[in-house]
Amino acid sequence: NDSLQVIPASKPLSPLRIAAMLPYDRRHILVFSVQGLLLFDGRAFLPFESEANAFIHKNNLSNAVALPDGKFAIASYGGGVCIIDHGGRILRILDKTAGLLSQDVKNLYCDREGTIWMASSRGLAYVRVHDPFSFFTEAQGLEGSVVSIARHQGSVYVATSQGIFRLVTTAQSSTFAAPRFERVAGIFDQGFWLISVGRKLLAAG
């Protein structure tokens with residue numbers, strides 16, 4: 001009758017700040033609270049086990065939005081943005097290492113093309129999470145002018161005027177950080193050609 005009704009099961013949640021409630025499936029709503037994620041089935045709020053709960057506890061939840069393909073983006077005041085899949089597994093963390101000017105992200109918006117817009121304390125930013133292309137600069141650890149690129153045993157290696165670097169992907173990182181390049185230890189001279197031969201990577205300098 002055009003009136004607000006208190007959900008009895010929600011009374012224990014009253015001390016918590018809830019940043020967002022988003023459709024999860026036909027029967028559940030995913031609740032984003034400062035204490036972690038919850039699933040609401042219309043009668044009860046149940047804890048939702050997710051790697052993102054530790055991210056929320058550590059970085060202070062600010063907002064969340066639903067993304068295409070059942071994914072969710074979670075914004076924080078101290079750690080940037082965390083992207084999770086439908087099962088709660090962290091896929092990627094967008095922070096200063098990924099190019100954000102500030103870890104303090106106050107609001108999120110996902111447009112019809114799946115682009116995530118982020119309002120931070122240093123202005124607006126956006127990321128195309130479904131874009132098939134990636135750009136790497138010195139901010140992602142790649143130094144010098146690129147001379148040669150090779151894929152070897154599942155990793156991408158780049159020879160530049162300042163050495164040889166290996167791309168560490170999100171899946172290979174223990175911190176869910178954005179992909180970045182790490183220098184191959186001990187090589188500081190210019191690389192010219194990289195060739196993958198069996199189990200060995202040949203580098204000409």
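Me: What makes two strands a pair, and how many bridges join strand E13 and strand E14?

Reply: Two strands pair if DSSP finds at least two bridges between them. Strand E13 (residues 155-160) and strand E14 (residues 163-168) pair over 4 bridges, in the antiparallel sense. Strands here are DSSP runs (E, at least two residues), numbered from the N terminus. The model is predicted, with local features requiring pLDDT of at least 70. Residues are numbered from 1 along each chain as its sequence is written.

Me: Which residue of E14 stands opposite Tyr157?

Reply: Tyr157 faces Arg166 in E14.

Me: Why is one side of strand E12 and of strand E15 left without a neighbour in the sheet?

Reply: The open sheet has 4 strands in the order E12-E13-E14-E15, with antiparallel pairing. Strand E12 (146-152) and strand E15 (180-183) are at its edges and each has a single partner strand, so one side of each lacks a neighbour in the sheet. From one strand to the next, the twist averages 30°; axes are lines fitted to C-alpha atoms, and angles run from 0 to 180 degrees between N-to-C directions.

Me: How many bridges join E9 to strand E10?

Reply: E9 and strand E10 (residues 115-120) run antiparallel and are joined by 5 bridges. Leu108 has Met118 in E10 as its bridge partner.

Conventions:
This is a predicted model: local features need pLDDT of at least 70, side-chain atom pairs count only at pLDDT 80 or more; totals for chains, interfaces and linings use all residues. Side-chain values use heavy atoms; hydrogens and water are left out.
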